[in-house]
Amino acid sequence: MNNAEHLANVMVTAFIDAVERGVDLVPVVADSTSTAKIAPFVKKFPERLVNVGIAEQTLVGAAAGLALAGKIAVTCNAAPFLIARANEQVKVDICYNNTNVKLFGLNAGASYGPLASTHHAIDDISVLRGFGNIEIFAPATPRECRQIIDYALEHIGPVYIRMDGKALPEFHDEAWRFTPGAVNVLRDGNDIALVAMGSTVHEAVEAADRLARQGIAATVISLPSIRPLDRQALSQSLGGIKYVISVEEHNINGGVGSIVAEVLAEYGHGAQLKRLGIKDGEYAIAADRRDMRAWHGIDADGVERQALSLIGD
């Protein structure tokens with residue numbers, strides 16, 4: 001079940017299907033039509049696109065206004081600029097006022113690679129976890145992405161969807177269904193648990209397969225739903241496991257690593273946790289994704305190496 005697909009293409013198809021079934025959807029972009037791969041939507045519905053130019057605060061304010069007028073407003077632009085440049089507008093116009101806007105953070109994490117820290121979004125989850133009234137999702141596959149979007153368009157209230165900037169393969173079968181808050185256990189094992197979000201789930205799965213060939217059984221947990229999150233289910237999935245590794249293309253503070261640490265502490269687990277991501281006080285290096293992940297130890301090699309180190313200590 002490979003079927004790799006760029007999540008922005010999944011997003012645009014979902015938008016087209018939504019309008020065709022009667023959803024009053026209006027995408028808002030900040031001169032980000034190519035980033036959003038929105039051309040097929042514009043071709044079918046040219047009157048529905050709002051382009052405010054390179055003005056992210058205006059983008060968020062306009063989306064809030066459209067939502068107050070009864071539209072389903074969706075913002076489509078690069079995650080670093082959405083979260084950093086329009087931070088106050090997201091906080092006040094969207095979250096505090098609980099407007100029905102769906103924020104799509106495109107090319108999140110270090111998707112932009114060599115463009116470096118100005119274009120990397122390695123703090124978006126931590127920022128938005130500090131805001132109220134907003135649901136937060138991070139799909140790892142095309143099927144997760146499509147079902148999260150369909151849910152978001154039906155949900156009344158703010159939503160942030162963290163979108164990876166590369167084509168991602170599929171590992172769910174056609175029967176899989178997204179449930180807000182659910183914890184996805186992709187592999188079962190008692191020796192170690194690997195918990196990841198978004199595209200790094202694939203690194204965790206590959207690392208688990210390698211560990212299995214060495215006689216080490218790893219549980220692999222994907223968290224596409226950051227808020228809401230069934231913390232009790234996550235606690236149960238980690239129960240009885242001595243070692244846990246979190247993996248994310250995000251700062252280790254405020255993302256999946258922090259969530260796992262919170263759950264382990266709140267439910268009284270005695271597991272040893274290693275958080276893999278961009279280290280505290282650091283930026284992601286300016287490099288293509290393979291080299292960047294290898295440098296920060298968040299590729300399959302790094303996860304495997306850390307697991308062997310933990311179990312061997």
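The lining of the second largest pocket is made up by class of seven nonpolar, four polar and one charged residues. This is a predicted model, where local features need pLDDT of at least 70, side-chain atom pairs count only at pLDDT 80 or more, and totals for chains, interfaces and linings use all residues. Residues are numbered from 1 along each chain as its sequence is written, and side-chain values use heavy atoms, leaving out hydrogens and water.

**Second largest pocket**
- A pocket here is an open set of points on a 1 Å grid where a 1.4 Å probe fits, with protein on both sides within 12 Å along at least five of seven lines; its lining residues have an atom within 4 Å of a point.
- Among the residues lining this pocket are P80, I83, H120, D123 and Y283.
- Helix α5 (residues 79–85) gives the most to the lining, with three residues.

**Largest pocket**
- The largest pocket is lined by 14 residues, and K274, L276, K279, H296 and G297 lie nearest its centre.
- Its lining divides into three nonpolar, six polar and five charged residues.

**Nonpolar cores**
- A nonpolar core is a set of buried (under 20% relative accessible area, 1.4 Å probe, protein chains only) Ala, Val, Leu, Ile, Met, Phe, Trp, Tyr and Cys residues joined through side-chain atoms within 4.5 Å.
- In the largest core, of 45 residues, V90, Y160, L223, L234 and L238 have the most contacts inside it.
- Apart from this core lies another, of 33 residues, including M11 and F137.
- Beyond its neighbours within four places in sequence, V90 is in contact (heavy atoms within 4.5 Å) with V60, L82, C95, L103, L128 and F131.

Notes
Nonpolar A, V, L, I, M, F, W, Y, C, P; charged D, E, K, R; others polar. Helix = DSSP H or I, 4+ residues; strand = E, 2+ residues; numbered from the N terminus. Buried < 20%, exposed > 50% of the residue type's maximum accessible area, 1.4 Å probe, protein only.
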